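Trainee: Could we go through this structure together, please? I would like to begin with the strands.

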Amino acid sequence: MSPQYDLAIIGGGTMGLPAAYHAAKTGLRVLLLDPNESPHIYGSHAGRTRIIRKSYYEHSDYVPLLEDAYQQWSQIEGSYGTKIYHETGLTYIGSPSSEVIQGIREASEKYRIPLFNGVDTIFEQIPDEWQTWYEPEAGYLDVQHALTAFKNLTNREKIEFKQESLESWEPITDGFKLIANQTTYRAEKVVFCAGSWTQRLLSAYSLGLKITRQVIAWVATDKNRYEEGQFPCWFLHDPSRGMYYGFPVNHKIRSGLKLALHMPGLPLASPDHYDKEVLEVEKEAIHYFLNRYQPALSNAKIDYETCLYTYSPDDHFIVDFLPGYESKVAIACGFSGHGFKFAPTIGKILIDLIVQGNTDLPIDFLRLRRFNH
Ligand SMILES: Cc1cc2nc3c(=O)[nH]c(=O)nc-3n(C[C@H](O)[C@H](O)[C@H](O)COP(=O)(O)OP(=O)(O)OC[C@H]3O[C@@H](n4cnc5c(N)ncnc54)[C@H](O)[C@@H]3O)c2cc1C
């Protein structure tokens with residue numbers, strides 16, 4: 001009996017929906033499994049907005065992937081007919097010796113990304129010796145519109161979306177047997193992009209993924225100066241706490257000035273059962289920022305939200321075949337708190353790997369062999 005599906009995509013979140021969108025263009029018969037209808041609040045895409053930028057201080061090899069992502073977001077936005085990318089610009093603030101300031105300058109020089117020094121600071125209390133750089137071709141993506149666009153633009157003729165959770169999987173002679181909600185499916189190939197749940201589904205492989213809970217703050221303000229059009233997205237590297245980042249106010253998306261501290265956080269035992277209550281120490285991190293850099297907002301009302309990061313051992317993504325299943329099983333995980341902006345590119349890469357066995361996009365630095373797998 002031949003498999004019912006050419007491909008099963010496990011996880012229909014940030015990376016799974018674009019994978020389905022690209023798979024639909026190939027004519028493959030696809031099964032997409034996800035117990036939650038995206039967008040939702042359970043995994044890694046909660047919080048309404050995600051920053052997109054090109055001066056990549058984390059690793060300049062991401063820049064060619066970003067070029068592809070920018071192009072794809074623009075095409076998807078055009079086809080969907082609703083704004084996804086908000087080009088607000090992004091201000092980087094930090095000491096000249098900070099790894100962030102040095103990293104953005106390096107990426108900008110290497111890839112000729114427009115980046116301007118000495119722009120007005122956006123916060124009240126910035127040390128005189130710090131630098132402020134501005135990247136005009138940066139901004140944020142609207143998560144709701146982005147994920148809905150992929151769903152609506154995916155040709156459903158040969159794709160079945162099932163709101164089911166993969167429970168187990170195993171190789172069979174001509175593919176894989178998958179069990180979800182007590183139903184058995186057979187697929188010739190599989191793509192795993194189940195975010196924080198990937199570790200559990202692939203527990204036989206030591207991928208070294210670490211799941212942590214993150215906190216997002218929404219600071220109430222009625223001042224126009226924080227609104228989109230007048231205020232950019234921003235990164236501020238605090239020498240003792242780490243990287244704070246934030247967005248301008250857009251009342252159509254959600255009221256309040258959104259800000260957060262990008263931090264490792266406490267590892268979680270399970271992405272299904274974790275405490276959503278925000279701890280005093282997490283609230284203190286937000287108050288520290290406001291008191292230190294923007295005292296005008298230090299007494300503002302703050303709402304909090306939580307979201308999950310899935311870190312890889314070196315904070316870089318994992319995009320590759322699963323060891324032992326080259327050309328049959330592709331995985332995309334460990335997005336370490338910075339993956340959303342790459343979603344259409346990762347979707348395309350996954351389908352390239354499955355259909356052609358390789359991709360033209362440069363992903364060597366994201367392959368598993370860097371961990372000696
Ligand atoms: C607070 C926060 C801020 C961030 N800020 C940024 C930013 O500014 N810019 C940026 O680029 N990135 C940012 N990120 C990172 C980005 O959002 C993530 O990298 C991205 O959402 C990860 O996508 P994913 O597909 O791996 O996970 P998800 O979007 O969570 O998708 C995983 C899916 O798998 C499904 N699933 C779970 N179990 C199963 C199962 N058994 N069977 C089938 N499906 C299953 C889940 O329901 C879910 O839909 C941020 C993340 C957080 C938490």
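Trainee: How many bridges pair strand S13 with strand S16, and in which sense?

Mentor: Strand S13 (residues 210-219) and strand S16 (residues 257-262) pair over 4 bridges in the antiparallel sense. Strands are DSSP runs of E, at least two residues, and helices are runs of H or I, at least four residues, numbered from the N terminus. Two strands pair if DSSP finds at least two bridges between them.

Trainee: Which residue stands opposite Ala217 in S16?

Mentor: Leu259 does. Please note that this is a predicted model, where local features need pLDDT of at least 70, side-chain atom pairs count only at pLDDT 80 or more, and totals for chains, interfaces and linings use all residues. Residues are numbered from 1 along each chain as its sequence is written, and side-chain values use heavy atoms, leaving out hydrogens and water.

Trainee: What is the strand order in the open sheet of 8 strands?

Mentor: The order is S6-S7-S5-S14-S15-S16-S13-S17, with mixed pairing. S6 and strand S17 (302-311) are the edge strands, each pairing on one side only.
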